[in-house]
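Hi,

Here is the structure I promised to pass on. Have a look at it first, and then read on for my notes on what turned up.

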Amino acid sequence: MKKFLIATALLSAVSLAAADSLGLSGSYNKGFYRADGEALKDDGAFGVGLSYTYDIDAVSAVRTELDLLPNLYGSDKLGFGGEFTYLRSVFSSGDADVYLGGGLGLNTVSDSGTENGVTYTARLTAINPTLLAGVRFAAAPGFSAFAELAGGPSFLRATVSNGSQNVSASINGAFIKPRVGFTYTIR
């Protein structure tokens with residue numbers, strides 16, 4: 001029995017060092033853009049994300065996340081986003097872990113329709129280099145809760161086409177993205 005307990009403890013320590021986890025989170029995306037000296041209105045958008053995190057070692061991990069973003073950029077349309085992030089633990093104490101990270105995100109929303117007999121397609125796409133800081137703590141066996149704040153520059157491109165004509169514009173700005181959620185360790 002003693003050998004069984006020791007083996008179980010060792011195996012759980014190894015599996016925690018390289019764990020895979022699935023996560024569910026809620027976020028708020030807020031962009032800050034200026035064009036021709038005027039601030040563009042962006043009310044922000046709440047989103048729901050699904051993530052997969054792979055622990056590289058005891059202090060670093062990579063995470064991919066897919067987001068559904070209703071009303072992205074005030075469009076009243078469902079937008080989609082994604083993010084690939086490297087995370088590194090900078091402080092651990094008991095069940096809490098403070099981490100920093102960096103990565104690249106992408107958000108996009110599109111619309112199409114017919115107006116005055118002309119069919120059009122419009123798309124807004126933002127590329128967001130991301131820096132983030134967060135804290136994660138054990139909530140229950142196998143579950144962790146986290147809260148983080150991400151932000152960085154944002155490169156927004158708007159494109160409108162109506163068959164024979166294409167018009168596009170690029171706008172640079174910044175974004176912030178607070179996020180809360182939980183993860184479940186699957187391995």
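A cut-off to start with: a residue is called buried under 20% relative accessible area, exposed over 50%, and partly exposed in between. Lys 77, with a relative accessible area of 34%, is therefore partly exposed. Keep in mind throughout that this is a predicted model.

**Salt bridges**

There are eight salt bridges in the structure. Lys 77 takes part in one of them, with Asp 111 as its partner and 3.6 Å between the closest N and O atoms. Lys 77 sits in the loop between β4 and β5, while Asp 111 belongs to strand β6 (residues 96–115), so this pair ties together parts that are 34 residues apart in sequence. Asp 111 has 27% relative accessibility and so counts as partly exposed too.

Then there is the pair of Asp 67 and Lys 177, whose side chains meet in a salt bridge at 2.9 Å, N to O. Asp 67 is in strand β4 and Lys 177 in strand β9, so the parts tied together here are 110 residues apart in sequence. Are these two residues buried or exposed? Both Asp 67 and Lys 177 are buried.

Arg 63 and Glu 83 are both buried. They also belong to a network of salt bridges that links Arg 63, Glu 65, Glu 83, Glu 148 and Arg 179.

**Strands around β3**

Arg 63 comes up again in the strand pairing, where it stands in β4 opposite Thr 53. Strands β3 and β4 (residues 60–70) run antiparallel and are joined by eight bridges. The hairpin between β3 and β4 passes through four residues. On the other pairing, 10 bridges join β3 to β1, and these two strands are antiparallel as well. Leu 24 has Leu 50 in β3 as its bridge partner.

**The nonpolar patch**

Leu 24 and Leu 50 turn up in another list too: a nonpolar patch on the surface, made of Leu 22, Leu 24, Val 48, Leu 50, Tyr 52, Tyr 54, Ile 56, Tyr 86, Phe 143, Phe 182, Tyr 184 and Ile 186. Together these residues have about 1,100 Å² of accessible area. Two or more residues of the patch come from each of β1 (20–35), β3 (45–55) and β9 (166–185). Which element gives the most? That is β3, with four residues.

**Aromatic rings**

With 33% relative accessibility, Phe 143 counts as partly exposed. Phe 143, Phe 182 and Tyr 184 make up one aromatic cluster.

In total, the structure holds three aromatic pairs. One of them is Tyr 28 with Phe 46, which is tilted, at 4.8 Å centre to centre and 50° between the planes. Tyr 28 lies in strand β1 and Phe 46 in strand β3, so that pair ties together parts that are 18 residues apart in sequence. Tyr 28 is partly exposed at 23% relative accessibility, whereas Phe 46 counts as exposed at 61%.

Another pair is Phe 143 with Tyr 184: the ring centres are 4.9 Å apart and the planes are at 45°, so the pair is tilted. Phe 143 is in strand β8 and Tyr 184 in strand β9, so the parts tied together are 41 residues apart in sequence. Tyr 184 is partly exposed, with a relative accessible area of 37%.

**One more residue: Leu 131**

Leu 131 is in strand β7 (residues 118–140). At 61% relative accessibility, Leu 131 counts as exposed. What is Leu 131 in contact with, leaving aside its neighbours within four places in sequence? The list is Gly 101, Gly 102, Leu 149, Ala 150 and Gly 151. Gly 101 is 30 residues from Leu 131 in sequence, with a C-alpha to C-alpha distance of 5.8 Å.

Cheers

Definitions and conventions
Residues numbered from 1 in each chain as written. Predicted model: local features only at pLDDT ≥ 70, side-chain atom pairs only at ≥ 80, totals over all residues. Heavy atoms only, no water. Patch = residues over 30% accessible without salt bridge, like charges linked within 9 Å, V, L, I, M, F, W, Y side chains within 5 Å. Areas by Shrake-Rupley, 256 points an atom, 1.4 Å probe, with all protein chains shown as cover. Salt bridge = Lys/Arg side-chain N within 4 Å of Asp/Glu carboxyl O. Buried < 20%, exposed > 50% of the residue type's maximum accessible area, 1.4 Å probe, protein only. Phe/Tyr/Trp six-rings, centres within 6.5 Å; stacked < 30°, edge-to-face > 60°. Pairing = 2+ DSSP bridges. Contact = heavy atoms within 4.5 Å.
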